[in-house]
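Work through the exercises below with the sequence and the model side by side. Try each task before reading its solution.

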Amino acid sequence: RDYLPPLPLMFGRVDCSSSPFGYMQNDSNWKEAPSPNDGWKKNYKWFEKNFGFDINETVAILGAHTLGSHMRYSGYAGNWVTEPNVFDNEYYSLMMDKAQGWHPEKSFVHDRVQFVNKEGKLSMFAS
């Protein structure tokens with residue numbers, strides 16, 4: 001991760017006194033984000049340990065990937081969904097859609113494996 005500048009990673013809500021705020025990587029309060037390559041079990045355990053999330057809460061928070069794009073912040077190429085400005089369940093629907101023809105491919109941004117659909121227009125993390 002030497003190629004990425006330190007970016008503040010914002011956790012929680014500013015209106016919750018027990019919620020941590022964003023910290024820089026060199027801060028003693030830094031929390032490493034879960035790895036997109038770790039798979040479901042490790043990612044679930046990370047959310048359980050750091051936030052006390054159960055399975056339903058973890059699935060819900062990961063569903064936020066239905067919004068936006070990720071290349072600028074993650075180093076992965078492509079969009080997760082076809083309509084990144086709409087909050088819906090497309091992220092999970094596409095993930096489970098075998099007709100998408102998901103296959104592993106190295107990102108052109110960095111040497112990272114991601115899953116790309118058969119048209120090469122959408123991508124998913126390995127987790």
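The exercises go from the whole chain to single residues.

This is a predicted model, in which local features need pLDDT of at least 70, side-chain atom pairs count only at pLDDT 80 or more, and totals for chains, interfaces and linings use all residues. Residues are numbered from 1 along each chain as its sequence is written, and side-chain values use heavy atoms, with hydrogens and water left out.

**Exercise 1. The chain as a whole**

Task: list the elements of the chain in order, then state what share of its residues is buried.

Solution. 
- Start with the secondary structure. Helices (H or I, at least four residues) and strands (E, at least two) are DSSP runs, numbered from the N terminus.
- The chain has four helices and three strands. Read from the N terminus, the order is α-α-α-α-β-β-β.
- Next, burial. Buried means under 20% relative accessible area, exposed means over 50%, and partly exposed lies in between (1.4 Å probe, protein chains only).
- By that rule, 28% of the 127 residues are buried.
- Now the surface, taken from the Shrake-Rupley method with a 1.4 Å probe; for residues, only the protein chains shown count as cover. The chain exposes about 8700 Å², and carbon and sulfur atoms hold 57% of that.
- Last, contacts, meaning heavy atoms within 4.5 Å. Take those between residues at least 6 apart in sequence: 34% of them join residues at least 24 apart.

**Exercise 2. The faces of H1**

Task: find the buried residues of H1 and explain why they line one face of the helix.

Solution. 
- Helix H1 covers residues 39-51, 13 residues in total.
- Gly39, Asn43, Tyr44, Trp46 and Phe47 are the buried residues of H1.
- Look down the axis of H1. The buried residues fall within an arc of 155 degrees, so they line one face; the arc is that of the directions from the helix axis to the C-beta atoms.
- Turn to the other side of H1: Lys41, Lys42 and Lys49 are exposed there.
- Helix H2 (55-62) is part of what covers the buried residues of H1.
- After H1 comes Gly52, with a positive phi near 70 degrees.

**Exercise 3. A charged pair**

Task: how many salt bridges does a search of the whole structure find, and which residue pairs with Glu48?

Solution. 
- Apply the criterion: a side-chain nitrogen of Lys or Arg within 4 Å of a carboxyl oxygen of Asp or Glu.
- The search finds one salt bridge. Glu48 pairs with Lys45, with the closest N and O atoms 3.3 Å apart.
- Check the spacing. An α-helix has 3.6 residues a turn, so residues three or four places apart point the same way.
- Glu48 and Lys45 are three residues apart in helix H1, about one helical turn.
- Glu48 is partly exposed, at 32% relative accessible area.

**Exercise 4. An asparagine in a loop**

Task: is Asn117 buried or exposed, and which backbone nitrogens does its side chain reach?

Solution. 
- Asn117 sits in the loop between strand E2 (113-116) and strand E3 (123-124).
- Asn117 is buried, with a relative accessible area of 1%.
- The Asn117 side chain reaches the backbone nitrogen of Lys121 at 2.9 Å, and that of Leu122 at 3.1 Å.
- Leaving out residues up to four places away in sequence, Asn117 touches Gln100, Gly101, Trp102, His103 and Leu122.

**Exercise 5. Partners along the chain**

Task: which residues is Pro34 in contact with, leaving aside its neighbours within four places in sequence?

Solution. 
- Pro34 lies in the segment before H1 and is partly exposed, at 23%.
- Its contacts are Asn43, Trp46 and Phe47.
- The C-alpha atoms of Pro34 and Trp46 are 6.5 Å apart.

Notes. The expected span of a helix is 1.5 Å times one less than its number of residues. A polar contact is a pair of N or O atoms within 3.5 Å; within protein, one must be able to donate a hydrogen and the other to accept it, and residues adjacent in sequence count only if both atoms are side-chain atoms.
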